[in-house]
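Let's walk through this model together, starting with the whole chain and ending with a few single residues. Keep the viewer open as you read.

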Amino acid sequence: MIQKNYNRQGLAVAQIAIALAAFSDGAVQAAIELPAGAMVVGGSAMVTTAFDAETTATLKVGDAADDDRYSGTPLDVSTLGNKPLVPTGYVMPEKGDVIVTYASTGAAATEGELLLVVEYIEANKSEWTQG
């Protein structure tokens with residue numbers, strides 16, 4: 001028999017605007033802090049200004065243990081639009097950062113901007129009950 005869980009919580013959403021200049025001191029940057037027990041259930045990188053590197057411009061979204069945990073393969077940020085994240089069901093064992101890694105080939109980009117949105121829930125959290 002299934003034991004019902006009456007606990008409920010709202011979806012937490014964190015977002016941050018990231019411009020090309022954010023990578024001036026390194027290609028790997030901490031973008032969003034997640035609490036212990038967080039599980040990413042959705043999100044995206046909404047490219048609002050294309051990263052205009054000569055050949056390719058990509059972004060990986062992950063964490064300290066796996067740099068592309070939430071993007072799967074590198075996201076193409078050389079074109080405008082919404083690039084969905086790929087939830088994996090991974091639960092953060094302790095507080096940690098969502099990491100973004102930018103890479104390009106050919107002549108360096110001169111512009112680029114995106115809005116990173118991360119949707120998550122927290123294990124064992126209850127904000128209200130239903131039932």
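Contact here means heavy atoms within 4.5 Å. Take the contacts in the chain between residues at least 6 apart in sequence: 82% of them join residues at least 24 apart.

A word on where this comes from: this is a predicted model, in which local features need pLDDT of at least 70, side-chain atom pairs count only at pLDDT 80 or more, and totals for chains, interfaces and linings use all residues. Residues are numbered from 1 along each chain as its sequence is written, and side-chain values use heavy atoms, with hydrogens and water left out.

Now the overall layout. The chain has ten strands and zero helices, where strands (E, at least two residues) and helices (H or I, at least four) are DSSP runs numbered from the N terminus. Along the principal axes, the C-alpha atoms fill a box of roughly 60 × 25 × 25 Å. Of the 131 residues, 34% are buried; that label means under 20% relative accessible area, while exposed means over 50% and partly exposed is in between (1.4 Å probe, protein chains only). The accessible surface is about 7300 Å², with 53% of that belonging to carbon and sulfur atoms; areas come from the Shrake-Rupley method with a 1.4 Å probe, and for residues only the protein chains shown count as cover.

What about a buried charge? Have a look at lysine 83, in strand β7 (residues 81–84). Lysine 83 is buried yet has no salt bridge, which would take a side-chain nitrogen of Lys or Arg within 4 Å of a carboxyl oxygen of Asp or Glu. The nearest side chain of opposite charge, aspartate 76, is 5.2 Å away. The lysine 83 side chain does, however, reach the backbone oxygen of aspartate 76 at 3.0 Å. Leaving aside neighbours within four places in sequence, lysine 83 is also in contact with residues including Ser44, Val47 and Leu75.

Next, go to glutamate 122 in strand β9 (residues 113–122). Not counting residues up to four places away in sequence, glutamate 122 touches Gln9, Pro35, Ala36, Gly37 and Ala38.

Finally, glycine 131 is in the segment after β10 (128–129). Glycine 131 counts as exposed because its relative accessibility is 95%. Lysine 4 is 127 residues away along the chain, and the C-alpha atoms of glycine 131 and lysine 4 are separated by 9.5 Å.

Conventions. Lys and Arg count as positive and Asp and Glu as negative; His and the chain ends are not counted. A polar contact is a pair of N or O atoms within 3.5 Å; within protein, one must be able to donate a hydrogen and the other to accept it, and residues adjacent in sequence count only if both atoms are side-chain atoms.
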